[in-house]
Amino acid sequence: MATHAPVHARPRRRISFDEHLPVDHKLNTVYRIGAGLIGAFLVVFGILGLINHIGFFSLSGDRVAGLNTNGTLSVLSIAVGAVLLAGMVVGGNVASTLNMVFGVLFLLNGFLFLGLLDTNYNFLAFRIPNVFFSFVVGLLLMTFGMYGRVGSSLPHDNPYWRARHPDPRTEPPGREHETGTPPMTMPLPGKGTEEPGSRGAG
């Protein structure tokens, strides 16, 4: 008879968005709106930059939609925007995670090029408005991505709260290795301790 090793640590459960929420749930809508709006702006911004035929490695660049850009930044904007738009189409955890990841990257990018302004290493032709834009977009993406995922007051029907607080009574058999929830071996209050099938045994 096969035996199971005792569970010493409770691993974090993999959260499957579609197991808990319909595709039109408000969390899914928030993630998609965040990725879609910012992704669409970045794609349009990048296309306008390419249309203006700005040099790919021009340190001075040119202004498009109130921001400075060059060919490299235009292509990078299109690529990032396309990824965010793809996340909007997929929705769920994918859109949420992409929002958070790119939010952090935008913040780091803002700090990086803040230090590279007016240097020969400013290969994206950043100016102060670009730095502010990176900070604002980074905070917006992180806010959209973390909405409903973090916090101390998440509702108990939230899929992320439920995944972090699995209920042994509702976990399907065979999921103990995923959730870290040991199977219930003690009888419930008011229940007998006799083995199944023992009734009628003589």
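Start with helix 5 (128-146). At 1.5 Å a residue, its 19 residues should span 27 Å, and the end C-alpha atoms are 27 Å apart, so the two values agree. Keep in mind that this is a predicted model.

**The largest nonpolar core.** Now select Phe45, Leu73, Phe113, Leu124, Phe126 and Val131. This core has 14 residues, and these six touch the most other members. Helix 4 (92-116) and helix 5 (128-146) are the elements that each give two or more residues to the core.

**A second core.** Move to Ala35, Ile38, Leu42 and Phe106. They are among the nine residues of a second, separate core.

**Around Phe113.** Return to Phe113 and show its contacts. Leaving out residues up to four places away in sequence, Phe113 touches Tyr121, Asn122, Phe123, Leu124, Phe126 and Val131.

**Out to the surface.** Which residues form a nonpolar patch on the surface? Select Val44, Ile47, Leu48 and Ile51: together they have about 340 Å² of accessible area. In soluble globular proteins, nonpolar side chains tend to be buried together. Val44, though, is partly exposed, with a relative accessible area of 47%. Find Val44 in helix 2 (residues 26-51).

Methods:
Residues numbered from 1 in each chain as written. Predicted model: local features only at pLDDT ≥ 70, side-chain atom pairs only at ≥ 80, totals over all residues. Heavy atoms only, no water. Core = buried A, V, L, I, M, F, W, Y, C linked by side-chain atoms within 4.5 Å. Buried < 20%, exposed > 50% of the residue type's maximum accessible area, 1.4 Å probe, protein only. Helix = DSSP H or I, 4+ residues; strand = E, 2+ residues; numbered from the N terminus. Contact = heavy atoms within 4.5 Å. Patch = residues over 30% accessible without salt bridge, like charges linked within 9 Å, V, L, I, M, F, W, Y side chains within 5 Å. Areas by Shrake-Rupley, 256 points an atom, 1.4 Å probe, with all protein chains shown as cover. Salt bridge = Lys/Arg side-chain N within 4 Å of Asp/Glu carboxyl O. Expected span 1.5 Å × (residues − 1).
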